[in-house]
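This report gives a short account of one protein for a reader who has not seen it before. The sequence and structure come next.

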Amino acid sequence: MGVWPTHRAPPRRPLLAIADAVHVAFASALAIALVWRMAMRATSGQLVPVVLGMLLGFLAADVASGLLHWWCDTYLAPTTPLLGPMIIAPFREHHEDPAALGRHHWLERNGNNCLAALPLLLLAFCTLRPWQSACAWHGVASGCLTAASITLGLTNQIHAWAHAENAPRLVRWLQRTGVLIAPERHALHHMGSRERAYAVVSGWSNRWLDRATPRVESALAHLGMRPSERGSAP
Ligand SMILES: [Zn+2]
Ligand SMILES: [Zn+2]
């Protein structure tokens with residue numbers, strides 16, 4: 001844990017706390033509507049395409065979580081305008097004090113991720129209609145976009161469960177079976193080991209991201225893009 005610089009996120013300002021609640025409510029409403037649409041589609045002869053698409057979307061969300069986490073840890077700082085105090089400061093605090101995530105109110109824990117997922121959720125809501133097409137590929141795409149956007153909204157909650165001492169029994173079972181990232185796999189990120197372990201949904205993509213991200217950092221360094229104060233990963 002000593003590899004991370006010391007940072008404390010400032011107390012959540014009232015306006016940000018209200019924004020968290022709005023983001024969670026809006027994202028939840030869209031997610032419920034999308035799940036209902038997918039259920040309609042699945043029960044009208046497209047069960048296999050929808051389930052296949054949702055599986056792909058869940059896997060893609062793991063990659064997206066890893067890439068976003070890597071970008072925020074490596075190239076952004078708490079002083080970055082707008083995103084710094086809102087997103088990066090809590091990230092840095094989490095590196096210094098992983099248990100703080102569990103002490104945050106659940107709206108604060110999920111607000112930023114719901115905000116990040118809103119564009120995808122809105123895109124899915126505006127473009128996907130269960131009655132729109134009988135094409136199987138459209139069913140796959142619908143399921144994929146739905147699962148990816150909902151999972152992205154839940155990413156920080158899944159992450160928090162990887163730190164929780166008393167996660168719900170179902171969650172612990174999903175962690176044991178590898179559907180959700182297990183605490184011991186995510187702990188590698190906080191230990192500063194060779195494994196960077198940025199992805200926090202199921203962690204299936206960490207093996208590939210751990211190889212790819214140092215190469216991308218080297219390439220970007222040649223273009224003059226340097227890591228932020230946190231420095232490159234150990
Ligand atoms: Zn991190
Ligand atoms: Zn963590």
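The model is predicted. The protein has eight helices and zero strands, and its elements from the N terminus on run α-α-α-α-α-α-α-α. Its radius of gyration is 18 Å, close to the 17 Å that the globule rule gives for 234 residues, so the protein is as compact as a globular protein of that length. Along the principal axes, the C-alpha trace spans about 55 × 40 × 40 Å.

Buried residues account for 37% of the 234 residues. Among contacts between residues at least 6 apart in sequence, 72% join residues that are at least 24 apart.

The largest nonpolar core holds 36 residues. The members that touch the most other members are Ala-27, Leu-34, Ala-117, Leu-120, Leu-121, Ala-148 and Leu-152.

H1 gives the most to the core, with eleven residues.

Which residues does Leu-34 touch, not counting those up to four places away in sequence? They are Leu-121, Ala-124, Phe-125, Thr-146 and Ile-150. Leu-34 and Leu-121 are both among the core members that touch the most others.

How values were computed. Residues numbered from 1 in each chain as written. Chains lettered and ligands numbered in written order. Predicted model: local features only at pLDDT ≥ 70, side-chain atom pairs only at ≥ 80, totals over all residues. Helix = DSSP H or I, 4+ residues; strand = E, 2+ residues; numbered from the N terminus. Rg over C-alpha atoms; globule rule 2.2 N^0.38 Å. Buried ≥ 20, exposed ≤ 12 C-beta atoms within 10 Å, placed from the backbone. Contact = placed C-beta atoms within 7 Å. Core = buried A, V, L, I, M, F, W, Y, C linked by C-beta atoms within 7 Å.
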